Amino acid sequence: FNHHLTALRGLTALGKHEEALAYMESLLSTAYQETALCHSGSDIIDAIINCKAAEAEQLGIEFRFAVNFPASANIAPVDICGVLANQIDNAFDACRQMPPTAPRKVQVTIKRVENFVFFRVENTVDHDPFENNSSLSSTKTDTSAQHGLGLKNIRDITDKYSGFLRNEYKGGFFISVASLCYETLDI
């Protein structure tokens, strides 16, 4: 997403508005023409899931999802995107680092439990990521873009909504669960 925005900003800064529009149309048509599978009732969740499903297909990643998102959820779309898109991007990054013959799988589950929405993203990994990196610091070496902000963004958003972020490794899978409270608790 950041790369796409950087490209769009560069095109508009150069006054290449037609090229910028063509670039946006290309992005949107790829995401929506290839995959329109998710119909959760939340436009932002549908857009993210459908776009990521198309991207997973291009990357050779098996992508599954189950979404039960409450229509009454009082969560800003930018915060939903900040959690879900970062979780899925991290999962795709991990899958890309696996050997080419290894199974690459991502499972997204969004469900409501009482006043909370849980965003759970599981992905295959070839080793325990906590083994030599207990804080899950970014291992990317590309200096042309900022890295390591995804988990911080997710934590900031879960804090904002009185939720939590839990990451664990279990049986060949990395599991990320973020919870957001969407209603005031009556206690």
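**View 1. The largest nonpolar core of the predicted model.** This core holds 32 residues. Those with the most contacts inside it are Phe-63, Leu-84, Ile-88, Val-106, Val-108 and Phe-119. Two or more core residues are given by each of helix H3 (43-59), helix H4 (77-96), strand E2 (105-113), strand E3 (116-124), helix H5 (150-160) and strand E5 (173-181). H4 supplies the largest share, seven residues. In soluble globular proteins, nonpolar side chains tend to be buried together.

**View 2. Surroundings of Val-108, one of the core residues with the most contacts.** With neighbours within four places in sequence set aside, Val-108 is in contact with Ile-49, Phe-63, Arg-64, Phe-65, Ala-66, Leu-84, Ile-88, Arg-120 and Val-121. Among these partners, Phe-63, Leu-84 and Ile-88 are also listed with the most contacts inside the core.

**View 3. The crossing of helices H4 and H5.** The two axes come within 9 Å and cross at roughly 145 degrees, and the crossing is left-handed. On the H4 side, the contact is made by Asp-79, Gly-82, Val-83, Asn-86, Gln-87 and Asn-90. H5 contributes Gly-150, Leu-151, Asn-153, Ile-154, Ile-157 and Lys-160. By class, the residues of this contact comprise four nonpolar, six polar and two charged.

**View 4. Asn-153 and Gly-82 at the contact of H4 with H5.** Asn-153 lies in helix H5, and Gly-82 belongs to the H4 side of the contact. The two residues are 71 apart in sequence, with their C-alpha atoms 6.7 Å apart in space. Asn-153 has a relative accessible area of 35%, so this residue counts as partly exposed.

Methods
Residues are numbered from 1 along each chain as its sequence is written. This is a predicted model: local features need pLDDT of at least 70, side-chain atom pairs count only at pLDDT 80 or more; totals for chains, interfaces and linings use all residues. Side-chain values use heavy atoms; hydrogens and water are left out. A nonpolar core is a set of buried Ala, Val, Leu, Ile, Met, Phe, Trp, Tyr and Cys residues joined through side-chain atoms within 4.5 Å. Buried means under 20% relative accessible area, exposed over 50%, partly exposed in between (1.4 Å probe, protein chains only). Helices (H or I, at least four residues) and strands (E, at least two) are DSSP runs, numbered from the N terminus. Contact means heavy atoms within 4.5 Å. Axes are lines fitted to C-alpha atoms, for helices over the stretch in contact, and angles run from 0 to 180 degrees between N-to-C directions. A crossing is left-handed if the near helix is turned anticlockwise from the far one by less than a right angle, and right-handed if clockwise. Ala, Val, Leu, Ile, Met, Phe, Trp, Tyr, Cys and Pro count as nonpolar, Asp, Glu, Lys and Arg as charged, and the others, Gly among them, as polar.
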